[in-house]
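Have the 3D view open as you read.

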Amino acid sequence: MLHGLWSPGSGLLLWQEAPVVGLPDPLGGVLAASKFRHRAQVLVNGADGTVEQVRAHAMAPAAAAVALRQRLPMEAVAGDLRFLGHVARGVERWVRAGRVVPELRRDDGQWWVRWRLVGGERQRAWLAELVVAMPPALRVAGKPGMVLEDMVTELADPIARQLLDPPASVHPLVAALIGDVALDGGSHQLAEVLERWRASLTGDEPELVLRLLEPEGDIGLGELDEEPDTDDVVALWRLQVCLRAAGEAPNPVPLLGDPVLVRTAIEKLGEATRAYPRLRDLPSDPQSMDLLLPTEVVADLVEHGAHALQAAGVRLLLPRAWNISAPTMRLRVDSAVPAAESTVGMQGLVSYRWELALGDTVLTKAEMARLVRSKSDLVQLRGEWVQADHKVLAAAARYVAAHLDDTELTFADLVGELVSGHVEKVPITEVTATGWAADLLDQTREPEPVTPPVGLKAQLRPYQERGLSWLATMSRYGVGGILADDMGLGKTVQVLALLVHERENTRSRNEDATRADRQVVTAPAGNAEQHVGAEVVSLSEVRSAKAGHDEGGIQPNDGAPAPTLLVCPMSVVGNWQREAERFAPDLRVLVHHGAGRRVGDELDEAVADADLVITTYSLLARDAVELARQQWDRVVLDEAQHIKNAGTRQAKAARALPARHRLALTGTPVENRLEELRSILDFAMPKVLGSAQTFRARFAVPIERDRDENAISRLRAVTQPFVLRRVKTDPAVISDLPEKLEMTVRANLTVEQAALYQAVVDDMMAKLKDAKGMARKGAVLGALTRLKQVCNHPAHFLGDGSGVLHRGSHRSGKLALVEDVLDAVLADGEKALLFTQFREFGELIAPFMAERFGTAIPFLHGGVPKKQRDTMVERFQTPDGPPLMLLSLKAGGTGLNLTAANHVVHLDRWWNPAVENQATDRAFRIGQHRNVQVRKLICVDTIEEKIDEMISGKRQLADLAIGAGENWITELSTDELHQLFALGAEAVGD
């Protein structure tokens with residue numbers, strides 16, 4: 001006797017109790033040649049029999065479709081196989097009736113067109129009848145409905161294809177459907193179009209709608225303490241089962257109503273139950289099909305079940321007064337008007353209180369008390385049902401209840417409270433303040449305006465005037481900060497404006513004190529008061545004012561405060577000199593740089609006679625002792641990302657400098673890791689974010705690994721008082737900046753490049769076989785660098801001094817593409833900047849470009865002396881200067897003003913958007929009046945293209961996110977590395 005069963009994924013499995021002979025072909029021939037190599041679990045000896053493993057023969061759906069539709073002698077075929085044949089012939093009837101449509105599937109990286117049954121009520125009823133009639137032997141695997149659905153789905157396509165007569169000339173879609181070949185033009189959009197068409201063919205069927213009705217009576221949270229506590233009342237919600245015809249309202253289905261509608265509702269409710277199993281085994285209304293749900297099931301239904309039901313085509317309607325809300329916390333800070341400015345700042349006293357909100361509703365003390373006692377995720381709040389995690393709500397309510405009364409403490413302690421105090425999963429969404437604390441906490445509030453100083457020879461833009469006011473406010477309160485404006489927004493001129501403003505204010509106060517001294521000296525003996533105009537000046541007031549000025553550190557030379565020390569990269573020392581001469585010519589500027597720089601007493605005297613002292617990061621570490629013994633009013637770090645690693649000598653030396661006020665300037669407070677922000681802020685406001693270990697546990701790990709919104713909101717609340725951030729793409733900041741067009745340009749490798757590329761990959765994979773730890777990491781990073789060099793140019797990788805061209809042809813597809821791009825740029829009379837992270841690559845192509853374009857091409861890199869750098873920049877900025885400029889990413893990527901160029905080409909990728917944007921901002925900044933075109937070069941089907949695709953969506957998270965570096969690549973598995981590094985089929989050009 002020949003048996004059969006259907007196995008999803010394997011198709012038709014045939015097995016026999018004893019060899020069967022005499023069956024007609026094709027089945028007879030298949031059995032005769034079969035080795036019965038498969039194993040199958042089958043039910044023997046009837047419904048009460050046992051499950052045994054037997055040898056079986058597997059037939060693919062196409063072959064099974066032919067075999068099952070043929071008529072077989074009953075004496076040789078068991079009932080289970082006859083049933084499967086009945087199903088197959090039923091599928092054939094549906095196909096012959098035209099109840100099939102094409103669908104598009106994505107399998108094995110290709111698009112395939114398949115036939116499927118249309119579906120609908122009649123086909124569902126047919127399947128339901130088959131499930132009831134299924135022999136026990138076919139139920140051994142369980143879930144008979146799923147087995148039947150898989151069988152019908154798999155057989156519909158081959159049966160339809162076997163019955164069709166292919167036309168002579170057809171559309172590619174039809175050809176793929178008939179010929180069982182992949183469709184080259186497939187897409188998700190086309191698949192959705194076909195699915196919508198199929199759904200429209202069953203649109204006359206009523207739709208199942210589940211309508212949730214709230215329990216009768218008022219349960220849950222109220223607004224008054226004296227209301228009875230009903231949080232623990234067991235309430236049953238009614239889930240009303242409705243059918244809705246097209247264009248009509250949903251109608252409940254009575255249990256004893258129209259049998260056809262009842263059967264339809266039962267079938268559709270069964271589909272809903274399979275999609276969301278928590279609807280099983282629930283109590284129901286004896287008069288209808290409605291289900292009665294306890295509160296915990298309702299909460300899960302709305303949070304999770306709604307998505308599962310929607311995917312199954314079932315609509316869920318919620319009560320009108322329903323909100324799904326996440327709890328949030330808000331901080332209110334009050335600060336009284338101080339008696340003197342010395343009582344404000346980090347040591348100034350403030351009072352604060354926390355508030356807990358659900359959505360836009362701030363909860364009262366009584367409501368929070370109810371939340372603490374609540375055991376449900378659903379609460380009725382002010383007439384609306386609100387769904388939120390009751391455990392999180394209760395924890396937040398307890399925390400806020402402990403801080404309901406205004407608590408007085410110093411501003412520094414309040415910041416510490418923000419750092420350490422938090423409730424899991426409850427972010428801080430709002431921080432508001434009154435009094436002087438609002439100047440620090442509320443960045444939407446305009447700081448006390450500061451009139452641009454007379455001695456500043458520049459017209460400040462509105463946002464720069466606000467920056468000056470913010471800087472002056474922070475300085476007045478003795479609070480350090482980070483001016484994190486985008487590159488090109490004029491951080492330099494804002495700082496110069498602050499220095500000139502303070503110098504003029506100090507002189508003005510000093511002159512007032514001097515006039516008061518003269519009036520006191522000329523007063524008649526014994527007279528305690530002296531009339532000056534309409535005012536009466538008290539001798540005690542004058543002495544008090546003068547004492548205050550003396551305590552303020554006014555120097556005896558001209559009343560100016562102690563100087564400001566500015567630390568910057570060597571490449572921008574000249575820029576600061578020029579900007580100071582141009583915008584603040586009255587400032588006395590001292591450059592502490594070079595082999596002949598001052599030391600000892602000579603340095604002390606020079607510093608005392610200066611307003612602004614400029615030095616470099618390298619000298620900051622080298623002359624740390626000399627610089628630390630000076631009395632600085634302020635220390636400013638330009639391009640402060642140079643101290644992003646807190647353990648470096650530069651960072652330690654910067655933190656050791658004594659100063660009344662500290663200021664960091666950077667357009668990228670975070671490049672790769674949040675620890676970089678902590679390191680920079682630790683200079684400006686020491687210990688605000690805690691130690692590196694504390695910061696990592698409380699902020700870095702939760703944000704970088706888990707994208708924890710709570711940690712993000714706390715970090716934003718803590719850093720907001722000390723960071724001013726504006727971006728140039730915001731029209732409210734700057735409206736006259738031209739557009740920036742960024743594009744990724746792809747080049748093919750030459751045959752030589754492809755061979756070298758593959759050799760590097762093979763060498764890396766061989767090294768990885770036995771490498772572990774740092775050796776493995778080194779092998780990956782080394783290969784990464786070498787592959788970048790190969791993509792640039794073979795001579796760059798080989799380092800053999802060979803030529804850029806070979807017999808007049810390009811050896812590098814990327815360089816050939818660059819040549820075409822620059823031809824177009826120069827033909828339009830425009831200029832371009834070319835960035836590379838490899839000095840040796842710049843030195844390789846600079847002579848070639850100079851010869852190719854008939855002009856000297858300056859190359860600015862770390863080895864170029866300061867004077868020569870300044871000359872390069874000045875020459876390039878002139879109208880008759882060179883049209884092209886090569887720059888190394890590290891030496892030329894920050895601090896320079898190169899607006900003469902409106903084209904930027906990134907020859908090789910750093911894979912860090914922040915670093916690349918810094919370089920682009922040499923041209924895209926204030927003073928640029930033309931649209932800027934940015935081209936980022938990558939090679940097709942190489943690691944350059946693959947990583948570019950991987951990081952293209954990983955932009956910074958609200959300027960505090962994680963940039964894309966390269967170390968993450970070393971953490972991939974060996975198989976992942978091979979897939980990432982492997983050369984694609986389309987890498988080599990024609």
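What volume does the largest cavity have? About 100 Å³. Keep in mind that this is a predicted model.

**The cavities**

- Searching the whole structure turns up 4 cavities of 30 Å³ or more.
- The largest cavity has 12 residues lining it. Look for Leu499, Pro561, Ala562, Thr564 and Asp611, which lie nearest its centre.
- Two elements, α15 (491–521) and β27 (632–637), each supply at least two residues of this lining. The biggest giver is α15, with 3 residues.
- Sorted by class, the cavity lining has 6 nonpolar, 1 polar and 5 charged residues.

**The largest pocket**

- The largest pocket holds about 1600 Å³ of space.
- Its lining is made of 43 residues, and the closest to the centre are Arg124, Glu149, Glu271, Arg274 and Ala312.
- Several elements give two or more residues to the pocket lining, among them the strands β6 (110–117) and β8 (207–213) and the helices α4 (121–133) and α5 (144–163).
- The largest share comes from α8, with 8 residues.
- By class, you'll find 18 nonpolar, 10 polar and 15 charged residues around the pocket.

**Where α2 meets α5**

- Helix α5, one of the elements lining the largest pocket, also pairs up with helix α2 (residues 61–69): their axes come within 8 Å and cross at roughly 80°.
- That angle is why α2 counts as roughly perpendicular to α5.
- On the α2 side, the contact uses Pro61, Ala62, Ala64, Ala65, Val66, Leu68 and Arg69. On the α5 side, look for Met151, Glu154, Leu155, Pro158, Ile159, Gln162 and Leu163.
- In this contact there are 11 nonpolar, 1 polar and 2 charged residues.

**Where α28 meets α29**

- From α28 come Leu815, Val818, Glu819, Leu822, Asp823 and Leu826, and they meet Ile845, Phe848, Met849, Arg852 and Phe853 of α29.
- The class count for α28 with α29 is 8 nonpolar, no polar and 3 charged residues.

Methods. Residues are numbered from 1 along each chain as its sequence is written. This is a predicted model: local features need pLDDT of at least 70, side-chain atom pairs count only at pLDDT 80 or more; totals for chains, interfaces and linings use all residues. Side-chain values use heavy atoms; hydrogens and water are left out. Contact means heavy atoms within 4.5 Å. Helices (H or I, at least four residues) and strands (E, at least two) are DSSP runs, numbered from the N terminus. Ala, Val, Leu, Ile, Met, Phe, Trp, Tyr, Cys and Pro count as nonpolar, Asp, Glu, Lys and Arg as charged, and the others, Gly among them, as polar. On a 1 Å grid over the protein atoms alone, a cavity is a set of points where a 1.4 Å probe fits but cannot get out, and a pocket is an open set with protein on both sides within 12 Å along at least five of seven lines; lining residues have an atom within 4 Å of a point. Grid points are joined across faces, edges and corners, and a volume is the space filled by probe spheres set on the points. Axes are lines fitted to C-alpha atoms, for helices over the stretch in contact, and angles run from 0 to 180 degrees between N-to-C directions. Angles under 35 degrees count as roughly parallel, over 145 as roughly antiparallel, 65 to 115 as roughly perpendicular and the rest as oblique.
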